[in-house]
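Me: I have a structure to go through today. Could we begin with the ligand and then turn to a pocket?

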Amino acid sequence: MRITVIGGGVGCARFVLGLREHVRRTGSDDTIDVVVNTGDDWWLSGLRIAPDHDSLLYALAGVNDTERGWGRAGESERVAAELAAWGTVPDWFTLGDLDLGTHIARTAWLRAGASVSEVYARLGSRWPLGATLHPATDAEIDTHVDTDDGSMHFQEWWVRHRSALPARGFTQRGIELAAPSAGARDAIANADVVLFAPSNPVVSIGPVLAVPGIRDLLSDSRAPIVGVSGIIDGSVVRGMADACLTAIGVETSARAVAEHYGARASGGILDGWLVDETDVAAADPLRALGITTRAVPLWMRDADSSAQLARDALALASGIAR
Ligand code: FO1
């Protein structure tokens, strides 16, 4: 079975680790593809930074900083201090020494003409990831946030301002010229099941869905599409998705996010939706919308709970007739 996950960042990395663990435990020949959000990416000090990709790469490689959720384990920041002294990197954004190795290699390959997809393939070939990562698009679609203080790159809003500046909207610059990458197109069109990771619905899932052609690929896919809520009992599991959801007028709840994604039967993207047991009340109204909903434990605390969540998502998908 070909399993395709859509998302990016820490929640997606944890979910994909659980899925990989589940596949390993069952000894099946299932494969995992991940269509990764590139809206977080930005140019800094002449380097291309790709947070949602790198969180997945490092987590699957087992070299990630599990505390911070981004960057490398065992990191040092000697070059970062110099970059801050020169002022080419603001002091609120840290590029660790090992992490810089990735950014420099990626930028060198891009400058030499490699596509983002090619860069993903080269970076991923260094470790046995157990999954294949594809950018949603090879085009640059950096997310910018519109605030009363003007428009700024998502990273400045998210890291410098901790999303505390009220956002009026999120736009992916250049999105109208973007197209799905070949890998993303293939991973969705030929999936046996598509899973939306418990990622930020607005800035991690949203930019992927905004790439022209991605929604058509999803609606044309023969695979059941199941999402996992990143909101438990009205709170985000991690990060600041609540500030993002509020900005687009969506309540921070498992039910509201599913309604935001929409039922496939009525032009949305979901056949199924996993909510935490504390959100069991969302199941009936969502089923009435055409979204088959199950309440299961959603907290991913370790390999066992993450693998169980992956199993629950696949079980829900297998029960959905396409
Ligand atoms: N997040 C922070 O809160 N502070 C940082 O200094 C920081 C540096 C950083 C460097 C590379 C990278 O790939 C990610 C980094 N992040 C940092 C995380 C990132 O800005 C966001 O958390 C993600 O984009 C959210 O999905």
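Predicted model: local features only at pLDDT ≥ 70, side-chain atom pairs only at ≥ 80, totals over all residues.

Me: How many residues surround the ligand, and which are the closest?

Reply: The ligand is surrounded by 14 residues, and the closest are D40, D52, T94, Q155 and R162.

Me: What lies 2.5 Å from an N or O atom in the side chain of Q155?

Reply: That is an oxygen atom of the ligand. The side chain of R162 also has an N or O atom 2.8 Å from a ligand oxygen atom. For T94, a backbone N or O atom is 2.9 Å from an oxygen atom of the ligand.

Me: How much of the ligand's accessible area does the protein cover?

Reply: On its own the ligand has 530 Å² of accessible area, and the protein covers 88% of this.

Me: Which helix gives the largest share of the shell?

Reply: That is α6, with four residues. Both α2 (51-61) and α6 (154-160) supply at least two residues of the shell.

Me: And what about the classes of residue there?

Reply: The shell has eight nonpolar, two polar and four charged residues.

Me: Changing topic: how much space is in the second largest pocket?

Reply: It holds about 390 Å³ of space. Its lining consists of 19 residues, and those nearest its centre are A13, R14, L17, N64 and T66.

Me: Which elements give two or more residues to that lining?

Reply: They are α1 (10-26), α2 and α13 (303-318). Of these, α1 gives the most, with eight residues.

Me: What is the lining like by class?

Reply: The lining of the second largest pocket has six nonpolar, six polar and seven charged residues.

Conventions:
Residues numbered from 1 in each chain as written. Heavy atoms only, no water. Near = heavy atom within 4 Å. Polar contact = N/O pair within 3.5 Å; in protein donor to acceptor, adjacent residues only side chain to side chain. Areas by Shrake-Rupley, 256 points an atom, 1.4 Å probe, with all protein chains shown as cover. Nonpolar A, V, L, I, M, F, W, Y, C, P; charged D, E, K, R; others polar. 1 Å grid on protein atoms, 1.4 Å probe; cavity = no way out; pocket = protein on both sides within 12 Å on 5 of 7 lines; lining within 4 Å. Points joined across faces, edges and corners; volume = space filled by probe spheres on them.
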